[in-house]
Amino acid sequence: MSLPRITLRLFSPMRPPLYRLTPSITARARAFSSSLPARSEIVPAAPRTNILVELAKARRTIYQLGKNSPVPDSKIEELVNAAVLNVPSAFNTQSTRLVVLLHREHEHLWDIAIDVFQNLVKTGAIPEQVWQKQTLPKLQGFKAGVGTILFYEDPSHIKPFSEKFSLYKDQFHPWAEHSNAMHQYFLWTGLESLGFGANLQHYNPLIDAPVAKQWDVPSEWRLLAQLVFGSPEGAPGEKAQKPTEERVKIYGKQ
Ligand SMILES: Cc1cc2nc3c(=O)[nH]c(=O)nc-3n(C[C@H](O)[C@H](O)[C@H](O)COP(=O)(O)O)c2cc1C
């Protein structure tokens, strides 16, 4: 089976846009729908920071997931396309790759993970009791959801930059991971905005080889994270917050 290609599409925002376009721009946009307005022609609308903050507050870790998808799959595809088109990367390397597994493909992923772990139980690496009481119910909980997004990095898009900009050569690897994490956060929050619940997992590198084989993932791509989502069927857990004063310093505030 070949990898799902992420096609370029217009993203239909679920909420009002943060910027409004001047009439001349909308007229031009109608005439040349592919041309983008110059930055100077974009008029900032009223501050809407609160939308971002509300979305950030709503994003939580939800482990109890079900299959009652709140939107058609096309909305998930639009959101994923919006992530790859709008999340920034260092030097615009665009090295993040996403594989989206929905419904039966998603279930297959977690069956693969269950197989991998069953083999570890057989070798004694994982005690039978831990497997039965903790690991298996957790993996079955992921399988109960609607989909999983696999986050990869394609090193072939990073290496040329490391060679060209020798001053920063050791930075491109961490920068790629920063950008990958931004995709994770965008999609975690975006899925929440569509009405899903989600949780972030790291079963790499244990599942890398069978997953690459099943979905024809190029062997050089590095799997970094798995975002599992479904209908939210439970509440998020309690979350302790360290004081903001410990974590933020502001200088020059007026
Ligand atoms: C970089 C990162 C890695 C994480 N890895 C895991 C993970 O492997 N398994 C898991 O269940 N949750 C994982 N989480 C979820 C965190 O435990 C969770 O986000 C945190 O406790 C705060 O709770 P909240 O997501 O409800 O705000 C991860 C979160 C982040 C940001």
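Start by selecting E54 and K57 in helix 2 (residues 49-58): the two are three residues apart, so about one helical turn separates them. Helices here are DSSP runs of H or I with at least four residues, strands are runs of E with at least two, and both are numbered from the N terminus. What you are looking at is a predicted model, in which local features need pLDDT of at least 70 and side-chain atom pairs count only at pLDDT 80 or more, while totals for chains, interfaces and linings use all residues. Residues are numbered from 1 along each chain as its sequence is written, and side-chain values use heavy atoms, with hydrogens and water left out.

**Stop 1: charged pairs**

Now show the side chains of your first pair. E54 and K57 form a salt bridge, with their closest N and O atoms 3.8 Å apart. A salt bridge means a side-chain nitrogen of Lys or Arg within 4 Å of a carboxyl oxygen of Asp or Glu. Side chains of opposite charge can pair when their charged atoms come close. K57 is exposed, at 56% relative accessibility, and E54 is partly exposed, with a relative accessible area of 45%. (Buried is under 20% relative accessible area, exposed is over 50%, and partly exposed is in between, using a 1.4 Å probe and protein chains only.)

Next, select E107 and K67. Their salt bridge has its closest N and O atoms 3.0 Å apart. E107 sits in helix 4 (residues 104-123) and K67 in the loop between strand 3 (65-66) and helix 3 (73-86), so this pair ties together parts 40 residues apart in sequence. E107 is partly exposed at 25%, and K67 is partly exposed at 43%.

For one more, pick K169 and D170, whose side chains meet in a salt bridge of 3.7 Å, N to O.

**Stop 2: along helix 4**

Select helix 4. It has 20 residues and reaches 29 Å from its first C-alpha to its last, close to the 28 Å expected at 1.5 Å a residue. The expected span is 1.5 Å times one less than the number of residues. Which residues of helix 4 are buried? They are H106, L109, W110, I112, A113, I114, V116, F117 and V121. Colour them, then look at what they pack against: the partners include strand 4 (96-102), helix 5 (128-143) and strand 7 (222-232).

**Stop 3: a charge without a salt bridge**

Jump to E153, in strand 5 (residues 147-153). E153 is buried and has no salt bridge; R222, the nearest side chain of opposite charge, is 6.0 Å away. (Lys and Arg count as positive and Asp and Glu as negative; His and the chain ends are not counted.) What does the side chain of E153 make a polar contact with? Its partner is the side chain of T96, at 2.6 Å.

**Stop 4: the ligand**

Finally, centre on the ligand. Residues around it include R59, R60, Y63, W188, L200 and K239, each with a heavy atom within 4 Å. An oxygen atom of the ligand is 2.8 Å from a side-chain N or O atom of R59, and an oxygen atom of the ligand is 2.6 Å from a side-chain N or O atom of R60. At L200, look at the backbone instead: one of its N or O atoms lies 3.1 Å from a nitrogen atom of the ligand. A polar contact is a pair of N or O atoms within 3.5 Å; within protein, one must be able to donate a hydrogen and the other to accept it, and residues adjacent in sequence count only if both atoms are side-chain atoms.

Definitions and conventions:
Lys, Arg positive; Asp, Glu negative; His and termini not counted. Contact = heavy atoms within 4.5 Å.
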